[in-house]
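I opened my notebook to look up a few things in this structure. Come along and follow the entries with the model in view.

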Amino acid sequence: MVEAEVGKKVKKNENTGRLKWGFVIGAFLVVLAASAMNSPHSHKISTFLNNHKICSCSQGSHKYSGIIEDCCCDYETVDNINGAVLNPLLQKLVTTPFFRYFKVKLWCDCPFWPDDGMCRLRDCSVCECPDNEFPESFKKPSYRSLSSDHLVCQEGKPQGTVDRTLDSKVFKGWVEIDNPWTSDDETDNGEMTYVNLLLNPERYTGYTGPSARRIWEAIYSENCPKYRSGEICQEKKVLYKLISGLHSSISIHIAADYLLDEKTNMWGENLELMYNRILRYPDRVRNLYFTFLFVLRAVTKASDYLEQAEYDSGNHAEDVKAQSLMHQLLNNPKLQAACPLPFDEAKLWQGQNGPELKQQIQNQFRNISALMDCVGCEKCRLWGKLQVLGLGTALNILFSVNNENDPAQRLQLHRNEVIALVNLLNRLSESIKVVHERGPLVERLMKHLPSESSVQQMSVWKRLWELTLGRLNKLR
């Protein structure tokens with residue numbers, strides 16, 4: 001009889017225990033479901049890292065090693081020389097008056113889809129509008145900034161607008177020459193806009209969706225299709241890898257300077273975006289390194305020209321500084337010893353159909369250049385045009401100048417090309433630095449955290465779990 005009573009009590013306790021744990025598990029599953037349904041898609045890891053200042057000690061990534069494909073330098077050397085020499089010099093150089101001002105035609109005149117809604121940007125103040133709507137400061141070079149109230153055409157994204165504040169003593173004295181690799185007419189006329197690049201950093205602008213995707217789809221599918229595995233045509237591989245590397249760099253800068261919280265205007269690194277767009281794809285990282293070395297080779301090949309150029313912005317002290325920094329960049333013994341020939345362009349265009357293939361690829365790149373007029377965000381268009389011009393300048397230096405003794409083949413660059421080339425090299429250098437310093441940390445984080453979770457969510461779950469356990473204790 002006693003044993004029977006004890007058995008009933010034990011069974012009752014077991015049932016009660018099951019009910020209690022059933023309550024716990026059920027409650028926790030509800031918490032998980034609610035948490036998943038209310039989870040925003042991005043920025044959580046980035047917000048946590050930015051708030052807690054986690055150290056990302058520059059350990060570098062051992063994931064990429066050996067010689068960079070189709071180049072003459074290895075990953076370790078590039079990371080070391082970029083961090084110690086190139087990036088510090090370039091960061092200083094692009095802040096000088098000569099290199100921080102860029103002239104560009106920002107008006108939308110898309111030659112590929114003229115009926116597209118984005119090309120209604122002509123109705124905006126930065127585009128060609130009737131005289132009574134067209135800002136007087138755009139009719140001729142002037143130096144007032146445009147009110148942000150006039151920039152409603154940037155898809156409602158004020159961060160996509162261009163600040164036109166400018167020093168009046170820039171852009172004088174250089175001869176304008178059209179680049180055969182790009183479509184823009186560089187003639188100084190009323191359609192050109194003058195901008196201070198330091199006031200318009202390359203960063204997140206909110207330009208996403210079908211319009212942005214169509215630009216990249218047109219670039220890749222129509223002008224620079226990915227080469228097939230085992231592709232033996234080196235020249236076709238080069239164009240694809242250059243565009244892919246540039247695309248990677250742009251994505252890194254967007255993720256590295258991202259609007260994490262629009263309500264509080266909090267900016268920081270979106271590490272999830274950086275991982276999902278670039279770091280999880282090794283070929284995109286490799287193409288970034290390739291593009292960096294390609295542009296670096298163009299700069300070193302044009303060293304005599306760049307040494308003799310007049311960096312005159314009207315500010316003598318700053319111009320002397322620019323000349324000195326350029327000299328240090330072109331004649332740095334560490335760079336010359338570590339990577340004397342970043343890329344060997346002499347290997348290209350050697351076949352019987354070399355000239356024909358060169359013309360084909362040149363036409364494809366010109367189409368890519370023209371596509372920049374279809375970009376529906378003013379600031380994106382600015383940096384797209386600048387970097388495509390910089391890449392076109394590199395192509396011109398490496399592939400259109402064969403004999404310095406022949407006057408017809410002698411290198412000639414106009415001022416805007418030099419500005420674009422140096423700023424592009426700096427953008428690529430910054431991207432290499434970010435990948436080297438932040439890449440390993442980001443990859444470790446993403447491997448240990450589900451893509452839709454965050455440290456903040458984990459803390460919420462922990463608190464709710466503790467609350468549930470507290471309720472369970474009260475039932476005992």
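**Entry 1: aromatic pairs**

I searched the whole structure for aromatic pairs and got 14. I kept in mind that this is a predicted model. A pair of aromatic rings is described by how far apart the centres are and by the angle of the planes. I picked Tyr 64 and Tyr 75: their ring centres are 5.8 Å apart and their planes stand at 40°, so I noted the pair as tilted. Tyr 64 sits in the loop between helix 2 (44–52) and helix 3 (75–93), while Tyr 75 is in helix 3, so the pair ties together parts that are 11 residues apart in sequence.

**Entry 2: helix 7 and helix 8**

Next I asked at what angle helix 7 and helix 8 pack. I found about 170° for helix 7 and helix 8 (residues 271–279), with the axes 9 Å apart. Angles over 145 degrees count as roughly antiparallel, and helix 7 and helix 8 are therefore roughly antiparallel to each other. From helix 7, I listed Ser 248, Ser 251, Ile 252, Ile 254, Ala 255 and Ala 256, which meet Leu 273, Met 274, Arg 277 and Ile 278 of helix 8. Sorted by class, this contact of helix 7 with helix 8 has seven nonpolar, two polar and one charged residues.

**Entry 3: helix 7 and helix 9**

I then turned to helix 9 (residues 282–301), whose axis comes within 7 Å of the axis of helix 7 and crosses at roughly 105°. Helix 7 and helix 9 are therefore roughly perpendicular to each other. Among the residues in contact I marked Tyr 240, Leu 246 and Ile 252 of helix 7, and Leu 288, Phe 290 and Phe 294 of helix 9. My tally for the contact of helix 7 with helix 9 is eight nonpolar, six polar and two charged residues.

**Entry 4: the second largest pocket**

How much space lies in the second largest pocket? I wrote down about 320 Å³. It has 18 lining residues, and the closest to its centre are Pro 201, Glu 202, His 253, Asn 426 and Arg 427. Helix 7 (234–256) and helix 15 (415–448) are the elements that give two or more residues to this lining. Which element gives the most to the lining? I found that helix 15 does, with five residues. By class, I counted eight nonpolar, five polar and five charged residues in the lining of the second largest pocket.

Definitions and conventions
Residues are numbered from 1 along each chain as its sequence is written. This is a predicted model: local features need pLDDT of at least 70, side-chain atom pairs count only at pLDDT 80 or more; totals for chains, interfaces and linings use all residues. Side-chain values use heavy atoms; hydrogens and water are left out. On a 1 Å grid over the protein atoms alone, a cavity is a set of points where a 1.4 Å probe fits but cannot get out, and a pocket is an open set with protein on both sides within 12 Å along at least five of seven lines; lining residues have an atom within 4 Å of a point. Grid points are joined across faces, edges and corners, and a volume is the space filled by probe spheres set on the points. Helices (H or I, at least four residues) and strands (E, at least two) are DSSP runs, numbered from the N terminus. Ala, Val, Leu, Ile, Met, Phe, Trp, Tyr, Cys and Pro count as nonpolar, Asp, Glu, Lys and Arg as charged, and the others, Gly among them, as polar. Axes are lines fitted to C-alpha atoms, for helices over the stretch in contact, and angles run from 0 to 180 degrees between N-to-C directions. Angles under 35 degrees count as roughly parallel, over 145 as roughly antiparallel, 65 to 115 as roughly perpendicular and the rest as oblique. Contact means heavy atoms within 4.5 Å. Rings of Phe, Tyr and Trp (its six-membered ring) pair if their centres lie within 6.5 Å; planes under 30 degrees apart count as stacked, over 60 as edge-to-face and the rest as tilted.
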